[in-house]
Amino acid sequence: MTNEKTTSQATQSLPEGSTRLAGKTAVITGGASGMGRSTALRFLIEGANVVVADFNQITGAALMQEAENLGFAGRLVFVATDVALERDVEAALALAVDTYGQLDIVFNNAGVGGAIGPLTETTTASWDYTMDVLAKGVFLGIKHAARLMRDQGRGGSIINTASIAALSGDAGPLVYSAAKAAVVSMTKSAAVELAPDRIRVNAICPGFIATPLADGGKPEKTREIFSRSQPWPEYGQGDHIAGAALFFASDDSIFVTGDALVVDGGLTAAGPELSRKMPRTSGRNSKFAGITKGSTGEAPELKTL
Ligand SMILES: NC(=O)c1ccc[n+]([C@@H]2O[C@H](COP(=O)([O-])OP(=O)(O)OC[C@H]3O[C@@H](n4cnc5c(N)ncnc54)[C@H](O)[C@@H]3O)[C@@H](O)[C@H]2O)c1
């Protein structure tokens, strides 16, 4: 197996012999698709053993095949899992210990869009489904990872996928956003509680990432839209999230816990987008430069560009 065989862009540029996770074992929920899948492949390349715990057995089998083709046979296990069920989460994490003898990294990443539509049309059933997968699923992953890691006595890294939807009012459907805000909150609480055990807990807040979840079966169209959805000129990819997950998984982040890292190509940094809404006076396309003096009665000092 050589790194060059990998199809993902981020992994193509990895240095030969880069093995930041050598000897570690990771569990990745939702690892059969999208950013979880990118992360599974990245972790394998970095030397980890990986357990992918996902609801979808078809995409899980396809990932197993790809891993085998890439020369990772024996270092990737797939287990059908519903993260909303405690017994499934517990079993998936225990499988990592049974198979590879240890558990070092848990990436609680499985997700769905869940409840959509106006809040006035949102049912309690759709609320429950969304919260069960996105919030309870992460809680269960943290809980059982913490138990196993604490018993091992040598720390660990728990990574949770939140979203920029947790951070503002119009970046996702209401229930989804509430669930992701819960993920950020749980990340901070768990980080504080587990720090004495040297178990780090961090979250990733992705922006618009072109994955099957986001593309609605139209990847080309989505990539085109996502390319102009944030200040950064290229669309977000699963590999961009895999890079952040690798940072949190590796000892490079040994003093980082309780963080919620935004990975969004500057989308949230853009905020109210004044330079787009008032382009004559603000930002790189401004027609003027100089000093305005508000209501002082003094004249502005401006030059035309
Ligand atoms: N794509 C984006 O733009 C974006 C942005 C912010 C956050 N996220 C979050 O990133 C995470 C990964 O999403 P993605 O975009 O890679 O989506 P994806 O659909 O490509 O992958 C999600 C995976 O989660 C699995 N899954 C869903 N429900 C599950 C359950 N109950 N138990 C186990 N597995 C389950 C799916 O089968 C799938 O393989 C999710 O938590 C999502 O909310 C995505």
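1. Domain arrangement. In this predicted model, the C-alpha centres of domain 1 and domain 2 are separated by 42 Å. Domain 1 covers residues 9-271, and domain 2 covers residues 272-305.

2. Seven strands form an open sheet in the order 3-2-1-4-5-6-7, and their pairing is parallel. From one strand to the next, the twist averages 20°.

3. Strand 1 and its partners. Strand 1 (residues 25-29) pairs in the parallel sense with strand 2 (residues 49-54) over five bridges, and Ala 26 faces Val 50 of strand 2 across this pairing. Strand 1 also pairs in the parallel sense with strand 4 (residues 105-108), here over three bridges; in this case Val 27 stands opposite Val 106 of strand 4. The reader can follow both pairings from these two residue pairs.

4. Burial of strand 1. Strand 1 is mostly covered, five of its five residues being buried. Thr 25, Val 27 and Thr 29 point one way from the strand, whereas Ala 26 and Ile 28 point the other way; all are buried.

5. A right-handed β-α-β unit is made by strand 1, helix 2 and strand 2. Helix 2 (34-45) also supplies at least two residues of the shell around the ligand.

6. The ligand shell. Around the ligand there are 29 residues, of which Gly 30, Ser 33, Gly 34, Gly 111 and Leu 213 come nearest. Helix 7 (212-215), like helix 2, contributes at least two residues to this shell. By residue class, the shell comprises 14 nonpolar, 13 polar and two charged residues.

7. Strands 5 and 6. Strand 5 (residues 156-161) and strand 6 (residues 199-206) pair in the parallel sense over six bridges. Within this pairing, Ile 159 stands opposite Asn 202 of strand 6.

8. Val 175. This residue lies in helix 6 (residues 174-194). Val 175 counts as buried because it has 23 C-beta neighbours inside 10 Å, the threshold for burial being 20 or more. Val 175 and Ala 115 are 60 residues apart in sequence, yet their C-alpha atoms are 6.3 Å apart in space.

9. Arg 198. Although Arg 198 is not a glycine, its phi is positive, at about 60°. Arg 198 belongs to the loop between helix 6 and strand 6. Because 15 other C-beta atoms lie within 10 Å, Arg 198 is classed as partly exposed.

10. Glu 273. A positive phi also occurs at Glu 273, again not a glycine, with a value of about 55°. Glu 273 is located in the loop between helix 10 (267-270) and helix 11 (274-277). Glu 273 has 12 C-beta neighbours inside 10 Å and therefore counts as exposed, since the exposed class takes in residues with 12 or fewer.

Conventions. Residues numbered from 1 in each chain as written. Predicted model: local features only at pLDDT ≥ 70, side-chain atom pairs only at ≥ 80, totals over all residues. Domains from an automatic or database assignment. Near = placed C-beta within 6 Å. Helix = DSSP H or I, 4+ residues; strand = E, 2+ residues; numbered from the N terminus. Nonpolar A, V, L, I, M, F, W, Y, C, P; charged D, E, K, R; others polar. Pairing = 2+ DSSP bridges. Right-handed = clockwise from strand over helix to strand, strands pointing away. Axes fitted to C-alpha atoms, helices over the stretch in contact; angles between N-to-C directions.
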